[in-house]
Amino acid sequence: MTTPQPAHSSEAPFGYTRVGQPRKRPLSNREGFCPVKECSRNFRHRLNPRQAIWQHLAHYLNPPCTGFPISPFRRAHAEMHEQMKAELANNRLSENEKKERQKQSKKKWVEKNTEKRALSLKKSNLRKKAKRELKREGKDLTQQAVEELVEKWHAAETEK
Ligand SMILES: [Zn+2]
């Protein structure tokens with residue numbers, strides 16, 4: 001018996017799941033199995049193996065019947081769930097640290113560029129002033145005439 005193959009296999013470089021959906025990324029050798037060694041249940045055929053494993057582990061968190069001793073198998077899954085949750089929280093923390101570092105470097109960049117921006121703001125104001133001046137004198141508002149005035153004023157100001 002052959003399983004039906006989707007027509008365009010080139011559209012799924014990572015192959016298909018058992019239900020015929022293209023995989024978004026390749027599965028590593030260990031990925032897609034229950035991380036509990038004694039279990040190692042295969043979830044690779046699932047659309048989202050990672051999520052399936054979370055659900056599988058979470059399933060063992062609460063014993064369905066009270067009064068029954070918790071089996072080592074069940075406990076191993078609950079512990080794995082806790083461990084994976086802690087790892088996830090840890091990753092999130094470093095993700096925040098990364099964001100914080102980016103924020104800091106952006107702040108530094110802004111500080112470095114404040115002077116630059118102040119200068120460009122000043123020149124932009126001088127440009128407006130130059131245009132008013134040229135208009136008042138009835139001269140052509142050419143870019144060259146404006147820039148010449150701006151440079152003249154700016155030079156005069158920085159000489160002070
Ligand atoms: Zn398992």
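**View 1. Overall arrangement of the chain.** Helices (H or I, at least four residues) and strands (E, at least two) are DSSP runs, numbered from the N terminus. The order of elements from the N terminus is α-α-α, and the chain holds three helices and zero strands. This is a predicted model, in which local features need pLDDT of at least 70 and side-chain atom pairs count only at pLDDT 80 or more, whereas totals for chains, interfaces and linings use all residues. Residues are numbered from 1 along each chain as its sequence is written. A residue is termed buried if 20 or more other C-beta atoms lie within 10 Å of its own, exposed if 12 or fewer, and partly exposed in between, with C-beta atoms placed from the backbone. Of the 160 residues of the chain, 8% are buried.

View 2. Buried positions in α1 are P49, I53, H56 and L57. Viewed down the axis of α1, these buried residues fall within an arc of 95 degrees and so line one face of the helix; the arc is that of the directions from the helix axis to the C-beta atoms. The exposed residues Q51 and Q55 are carried on the face of α1 turned away from its buried side. The cover over the buried residues of α1 includes α2 (72-136).

**View 3. Surroundings of P35.** P35 lies in the segment before α1 (49-59). It counts as partly exposed because 17 C-beta neighbours lie inside 10 Å. Between P35 and A76 the C-alpha to C-alpha distance is 9.7 Å, although 41 residues separate them in sequence.

Notes: Contact = placed C-beta atoms within 7 Å.
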